[in-house]
Amino acid sequence: MSQVASGYYAPASLRDAISLKRRLREKALFVAGGTAAVQLVSKMIAEPEAIISLEKVPLDYVKIRGNVVEIGATTPISRLLETRGLPTALREAAENIHGLALKDMATVGGNIFTPAPAGDIATALLSLDATLVLRGTRGVRTVPLSKFYRGPLKYNIKADEVLTAIRIRRPPRLSSFLKQTPWRYSGPTIASVSVGLDLDKNKKARRVMVAIGGLTTHPYRVKRAERLLTSKKLTSELIEEAAKHLVDNVDIIDDALASSWYREVIAQVLFKKILNRFI
Ligand SMILES: Cc1cc2nc3c(=O)[nH]c(=O)nc-3n(C[C@H](O)[C@H](O)[C@H](O)COP(=O)(O)OP(=O)(O)OC[C@H]3O[C@@H](n4cnc5c(N)ncnc54)[C@H](O)[C@@H]3O)c2cc1C
């Protein structure tokens, strides 16, 4: 039987949260909204001896200053729908999260740690070239989201660090997120695609960021497709060519939710659908 959580802590400051984590290290699990952590614990994927709730730590905010968007890690996903001026892909990903109650509880930061069939917000953030702000006992460091995932439930975060914010510098002017679920209105992600894009006046792509979710444990960027599209005028032929490289060297999940073949086909369909809108 699991030896779960003999200690429950709800620090009121970031400093206290970090010093608790430094003391308890891997024995403690941070919990923000708890919607994914509860599953990790009940399925015994995580067997923490202590829970450190981030509920009272003041990290619930969205700031838009000039060309920089910063989202506090414990900001509920519903806030992304209430805030004007956020990139479209982020709003569309938030719209796709299952149910109103979940959107109010689940946090933006928690979504980054939650593997497929979740991670919709993380997929959108990846296509916006977001950076994570991590704070630990040795200070603050930033890590591009594209360098954060190191394998199933493995992240570029130290035992005493907490994710405090997600930063998007110079958000692309155009972006869009699409997801396929087994049901008509939201649900687990079979495949999702998010694209961030800057076009010049001749419709040449100056900057392209393509992120895929649902196909592996965590979302990934598709550098090959990005390179194919960059500095070229978008055409349906070019988009068709780029779509062939969405799953290069990817070990696609094949499970009861969807076969790997279906996930790949859906990812291509969503990718083409998004990009053809921008032609
Ligand atoms: C019924 C249901 C439907 C769902 N539908 C969707 C969906 O449609 N799309 C989707 O993407 N997801 C979905 N999810 C998954 C999940 O709820 C979300 O991904 C959510 O954003 C997780 O956030 P949270 O705050 O609840 O995380 P928590 O459960 O609190 O934490 C999750 C993990 O992140 C870590 N963590 C959280 N915050 C921090 C931090 N600041 N620093 C360091 N570590 C941290 C925790 O230690 C834990 O390991 C669903 C879940 C449920 C239960």
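**Domains and ligand shell: a quick chat**

Colleague: Which domains is the protein divided into?
Modeller: This is a predicted model, and the protein splits into domain 1 (7-53), domain 2 (62-169) and domain 3 (174-277).

Colleague: How far apart are the C-alpha centres of domain 2 and domain 3?
Modeller: Those centres lie 19 Å apart. As for the contact, domain 2 puts in 24 residues and domain 3 puts in 24 residues.

Colleague: And which helices supply at least two residues of the side of domain 2 that touches domain 3?
Modeller: α4 (88-95) and α7 (120-127) each do that. The largest share of that side comes from α7, with six residues.

Colleague: What's that side of domain 2 like by class?
Modeller: The side of domain 2 that touches domain 3 has 14 nonpolar residues, seven polar and three charged.

Colleague: OK, switching to the ligand. How many residues surround it, and which are the closest?
Modeller: The ligand is surrounded by 29 residues, and the closest are Gly33, Gly110, Asn111, Phe113 and Ala118.

Colleague: Which elements give two or more residues to that shell?
Modeller: There are β2 (28-31), α2 (37-42), α5 (100-105), α6 (108-113) and β10 (162-169). α6 gives the largest share of the shell, four residues.

Colleague: And how do the shell residues divide by class?
Modeller: Around the ligand you get 17 nonpolar, 11 polar and one charged.

Colleague: Last one: where does the ligand lie relative to the domains?
Modeller: Between domain 1 (7-53) and domain 2 (62-169), because both of them give residues to the shell around the ligand.

Note on methods: Residues are numbered from 1 along each chain as its sequence is written. This is a predicted model: local features need pLDDT of at least 70, side-chain atom pairs count only at pLDDT 80 or more; totals for chains, interfaces and linings use all residues. Domain bounds come from an automatic or database domain assignment. Two residues are in contact if their C-beta atoms, placed from the backbone, lie within 7 Å. Ala, Val, Leu, Ile, Met, Phe, Trp, Tyr, Cys and Pro count as nonpolar, Asp, Glu, Lys and Arg as charged, and the others, Gly among them, as polar. A residue is near a molecule or strand if its C-beta atom, placed from the backbone, lies within 6 Å of it.
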